[in-house]
Amino acid sequence: MKKLCLLGLTIGLASHSVLADTKPAAIENKDAFVSNLMKQMTLDEKIGQLRLISIGPEMPRELIRQEIAAGKIGGTFNSITRPENRPMQDAAMRSRLKIPMFFAYDVIHGHRTIFPIPLALASSWDMDAIGLSGRIAAKEAAADSLDITFAPMVDISRDARWGRTSEGFGEDTYLVSRIAQVMVKAYQGTGLIGAENIMASVKHFALYGAVEGGRDYNIVDMSPAKMYQDYLPPYRAAIDAGAGGVMVALNSINGVPATANTWLMKDLLRKEWGFKGLAVSDHGAIFELINHGVAHDGREAAKLAIKAGIAMSMNDKLYATELPSLLKSGEIQQSDIDSAVREVLGAKYDMGLFKDPYLRIGKAEDDPADTYAESRLHRAEARDVARRSMVLLKNHNETLPLKKTAKIVLVGPLAKAPIDMMGSWAAAGRPAQSVTLFDGMTRALGDQASLTYARGANITSDKKVVDYLNFLNFDAPEVVDDPRSAQVMIDEAVKAAQQADVIVAAVGESRGMSHESSSRTDLNIPSNQRDLIKALKATGKPLVLVLMNGRPLTILEENEQADAILETWFSGTEGGNAIADVLFGDYNPSGKLPISFPRSVGQIPTYYNHLTIGRPFTPGKPGNYTSQYFDDTTGPLYPFGYGLSYTRFSLADMALSSTTLNKTGKIDARVTVKNTGKRDGETVVQLYLQDVTGSMIRPIKELKNFQKVMLTAGEQKVIHFNIEENDLKFYNNQLKYAAEPGTFNVQIGLDSADVTQQSFELL
Ligand code: NOJ
């Protein structure tokens, strides 16, 4: 479990309440019910509802219950079992107005069963698989009494130095928006009033993924057009899909912290987008307005936040301490507090908590005897989703799939790494329940097993990094070093490799390296692991790299050294089995990158859909006076949308149904995709559009649709994409969302770089 910062528990609020019953008759009408309840609430009770506290193991439970019973807490996060949360709900039921608590948690990629990290889920381009992971997470979380998740995280990330790249769905607006909708629907199910559904709080509103230099918590400075065009749509998609909550970002936007940003929270979110749900601050963010330098003290910070429309304050006590006197002095109005309270009560209403405060807590006699029971996990689903999330980056000479009869040596610090397998933000996942690569391969091989193992290297030999990563965790060190010297470990691995037919090396990052507050200046595999790879290469044996990492890494050299590379990200509870399925060909990989792999950190930001420029570099032509870096090849190592299979696919006969489109018309873009290899497999056919000339410069291409298709060996299918005016719209300089007549290029490919093109005119 991650370290939590607790900013104080006790608050002294005067209680001058009027006792009255809520009228049961009003419960069918949300607005009437909430208004009626609010009429009966004292100021202290109202402010209490705005307080969201983190429950740490060290916190005095009795004191918390007293505060709840006194109406001073609206909800908690980080308390995640029914026996933990029931007494708190009991306390709420002892409070004067019996307003139920809600219980929240960061259920990001699974709850008890850990699914692949979000970046991996996005690599599947498989909306059913992604939805399944969210649905199971919701069911498991609800069964543990949770009402809300702080997810999905839909921050577009184009700078892999940012550690939270792992937690998002990649660089592309369209793909992330599609996934945002799927995840919200998966968490919330058919309706929020369901014992198996939880409320989604989309985050981090807004633009957190664009922190300058990829450095966490840094500023965001961005043109309105870029914001509207590229970064805001995924939040909007989540909200349009019905997300009940929004978590506000820690960063500033063009000089104003999101937490104090009236334009963002009121004009955009509520007025323009019509959001009616609950806005929650991020951890301690109201207090941090002082650090941002927009508030000189806590009083001003609380004022700015409530005025901006931050309804709930996560783990700081400023609303409790400051709002009463701000109201008294007339610096804020009763309506500021009331609209915040209305949001909190409205969310509780939507979650069915007024009808049944124990909806997700259930009865004590039904509590699971063992919270961690194997029977509570969804292993089969996790394994299937995980294998769909892996991307085959290289497969020279068909090194993969491996023969089960081969003599295999497995090396690398991530081969037996149950914690890392879960990835960061692993909710209530238990390392002891995750299948390591060693376990997975051993099981897959069964009796035929000829698998030897040598660690070969630690995660890093940089002690400072190890200390940093271990500071992130308070249960146990995350990164445990093998005390042997680097050379001794390499020698052992090389010796084992010399006896083997093929080497599988599990290398990359520990999970903490791709986490909140884990920005990096360098995206290489740590140097001691690279030394290992070099030594393994020198044996001349076929070398398969199994990458585990939470962001694109710079793997130029390893890409040369390895015969095959499988990007597995952090693949969750069933990771080891899923990777083994792919390595041995029991599953044919079908993932595609949701984010470009830069060749070097110096190329960042590297994203496929950049805006057109006056002096573009043309591959194959001299670079002088074109936009490029003269000291390296231009373009990414692996482009967005890229991924191989054990079979081969070809595209042919691309055609448009018309060369013109009028505003109410449609064009059918068609292509034939054929499996030309010897195995059945899936691929993703991707549709990109380019607006060639506009009133503003436009991206060189933009993903607008895709289809994941299964084809048996030799099979072919005709894929159709529908193109309408709506697909051609963009936010112009006046932020008007409209399509402009002119030429459009339609590109279809199996990745963003290798496409075939046709054009049409929008009339
Ligand atoms: C801080 C993180 O930024 C946010 O994503 C998370 O939901 C909260 N902490 C609560 O854990």
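The structure is a predicted model, in which local features need pLDDT of at least 70 and side-chain atom pairs count only at pLDDT 80 or more, whereas totals for chains, interfaces and linings use all residues. Residues are numbered from 1 along each chain as its sequence is written, and side-chain values use heavy atoms, with hydrogens and water left out. The mean pLDDT (the predictor's confidence in each residue, from 0 to 100) of the protein chain is 95, and 96% of its residues reach 70 or more. Over residues 1–23, however, pLDDT stays under 50, although the model has 66 contacts beyond four places in sequence for this stretch, a contact being heavy atoms within 4.5 Å. Where pLDDT is low, the predicted coordinates should not be read in detail.

Helices (H or I, at least four residues) and strands (E, at least two) are DSSP runs, numbered from the N terminus. An open sheet is formed by 8 strands in the order β9-β6-β5-β4-β3-β2-β1-β10, with parallel pairing, where two strands pair if DSSP finds at least two bridges between them. Because β9 (278–280) and β10 stand at the edges with a single partner strand each, one side of each is left without a neighbour in the sheet. Strand β6 (residues 245–248) runs parallel to β9 and is joined to it by 3 bridges, with Ala 279 of β9 as the bridge partner of Val 246. Helix α9 (residues 233–240) packs on the sheet, where it touches β5 (199–205) and β6, and its direction makes about 165 degrees with that of β5; axes are lines fitted to C-alpha atoms, for helices over the stretch in contact, and angles run from 0 to 180 degrees between N-to-C directions.

β1 pairs in the parallel sense with β10 (residues 313–314) over 2 bridges, and with β2 over 3 bridges. Leu 52 has Met 314 of β10 as its bridge partner, whereas Ser 54 stands opposite Phe 77 in β2.

In helix α4 (residues 82–94), the buried residues are Arg 82, Asn 85, Arg 86, Met 88, Gln 89, Ala 91 and Ala 92, and these pack against α3 (61–69), β2 (75–77), β3 (102–105) and α6 (127–143).

Notes: Buried means under 20% relative accessible area, exposed over 50%, partly exposed in between (1.4 Å probe, protein chains only).
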